[in-house]
Amino acid sequence: MALHALAYCERLFYLEEVEEIRVADHRVYAGRTLHADIDPEGEWSSVTLESERWGLKGKIDYVRYRDGAVCPFEHKRGRARGDDAWPSDRLQVIAYAALLADHLERPVPEGRIRYHASNKTVRVAIDTVALGELRAALARAAELRARIDRPPIAENENLCGRCSLAPICLPEEERLLGLDEPNEDAPKPKRLFPPDDERLILHVTDAGSRIGKRGEQILVTPHEGVEQRFPAHDLAAIVLHGAVQISAQLIQYAASRDIAIHWLSAGGTYIGAMAPPGGVQRRLRQYRGLLDQARCESLTRRLASAKVENQLRFLLRSARARNRTEQISEQVDGLKAALRGIERDEGIAAWRGHEGRAGRHYFAALRQLLGPEQTLMAFSGRNRRPPRDPFNAALSFGYSLLYRDVMAAILCVGLDPALGFFHTPRSAAYPLALDLMELFRTTLWDMPLVGSINRRQWAEAHFTIAPQQVWLSAEGRKLAIRLYEERKQEHWRHPVLDYSLSYARAIELEARLLEKEWSGSPGLFARMRVRG
């Protein structure tokens, strides 16, 4: 199967066999169903062979006697290439014949491929030419395995539309980067990145709850109340808030099913996660990229500009809606000056300085977006560690939820969250996660939080208030989680890629575009903007 991928697309081979990224889509499942329905006709089926001489291992669909000789059979659900086999199918059956010949210690003169959609069987001669193709493919596979960098995307765009790894490879996004000038008359690139993640995030917030599994069901048993059940295949992650117990069986099950588990404190502080480790090659490319000063400066400037411009657009749009434009004019001027400074000045230290000044102007203007009747959620300035008023408590808790999602995306893509380019290393939080968060703070939490306050959704019961600290109560955490998760499902159109996707998917997309900055396809990261 690895050789089949190699002949189909070298990038696909590299992703599956070197970086060990595999996704089973509907075509894969349809192929499995086809093989399960085929009648073996009393001959050998599903034969697994291994050859030290060839350095190969494979599982042959069927082995049959034809014309007095042993013949490997491969079944394909699609159509033949006219009267011939597709190159990837041809190479695969040649490899099966070589394995069979090595095992039986006698020649295997041909292999056959049955194409069910066209009801045709194609014969492949196993001669010196065919075995030469196999040796060349094995040499190329060994060469690719020794590389850190991914091969280029396939020249044939039609191959990408049928590839299960297109949402990870993002070939159309790379082709867009290769255009010198956008052509409005040209057909739009085919959309391959899914707009939504249909799997759910399970938050368990009630103290004393226990979470375990029974069969394919996730069981949540509260300290007081009725047990709830959730289908495991519907879950992307489990988030445990505070004193929640999880069984060892569920932890092992989640690890085997690619379900991440995240732990947060009752107050919303991110503690840690259990998620699959990233590939070595992806991290090596990241480390190499972070040593490139010019590339780090480009990323920092783009990120700082994106954050400040998003803050500015949000303030202008909200102020117009509430007739507060005049009240925030001074802060708006400060944000515009920061944007000009980021474009004008050079150096990471200068850009950080402009971003910090923009943040002070932003939070000074944010209070003008709240209704004058607000007393409980009045905002007089940013404070944290610990938050000292309800607004800051809600703001910090929402940022913790965002941090969790950003961490999940970084780990899913296979990057190292400990090494970033904008934030300096610290023990409390991962720099790369803080970097990526800057793109989403305004859109995913500031905007829904301000909207919920103006709709008067918050009450004193949502907070626990002490003289020097305020944190969310159990009911407050549930409200914040609901607001945040609803916001994640809203759709937004990417200004450059020109397709719509949910904010939940946008987080993963930006993580993958960031990974491309270190994989030879830079230019699309941090281009997302709030609508003005």
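**Notebook: two helix pairs**

I started with helix H11 (residues 293-321) and helix H12 (residues 329-344), whose axes come within 10 Å and cross at roughly 160 degrees. That makes H11 roughly antiparallel to H12 (angles over 145 degrees count as roughly antiparallel, under 35 as roughly parallel, 65 to 115 as roughly perpendicular and the rest as oblique).

Before going on, I noted that this is a predicted model, where local features need pLDDT of at least 70, side-chain atom pairs count only at pLDDT 80 or more, and totals for chains, interfaces and linings use all residues. Residues are numbered from 1 along each chain as its sequence is written, and side-chain values use heavy atoms, with hydrogens and water left out.

I looked up the handedness too: H11 and H12 cross in a left-handed way. Then I checked who touches whom (contact means heavy atoms within 4.5 Å). On the H11 side I found Arg301, Ala304 and Ser305 among others, meeting residues of H12 including Val332, Leu335 and Lys336. I sorted the residues of this contact into 10 nonpolar, 2 polar and 5 charged.

Next I turned to helix H16 (residues 441-454) and helix H17 (residues 474-489). Their axes lie 10 Å apart, at an angle of about 125 degrees. That makes H16 oblique to H17. Here I noted a right-handed crossing of H16 and H17.

Which residues of H16 and H17 make the contact? I listed Thr443, Leu444, Trp445, Met447, Pro448 and Ser452 from H16, and Ala480, Leu483, Tyr484, Arg487 and Lys488 from H17. For the contact of H16 with H17, I got 7 nonpolar, 2 polar and 2 charged residues.

Notes: Axes are lines fitted to C-alpha atoms, for helices over the stretch in contact, and angles run from 0 to 180 degrees between N-to-C directions. Helices (H or I, at least four residues) and strands (E, at least two) are DSSP runs, numbered from the N terminus. A crossing is left-handed if the near helix is turned anticlockwise from the far one by less than a right angle, and right-handed if clockwise. Ala, Val, Leu, Ile, Met, Phe, Trp, Tyr, Cys and Pro count as nonpolar, Asp, Glu, Lys and Arg as charged, and the others, Gly among them, as polar.
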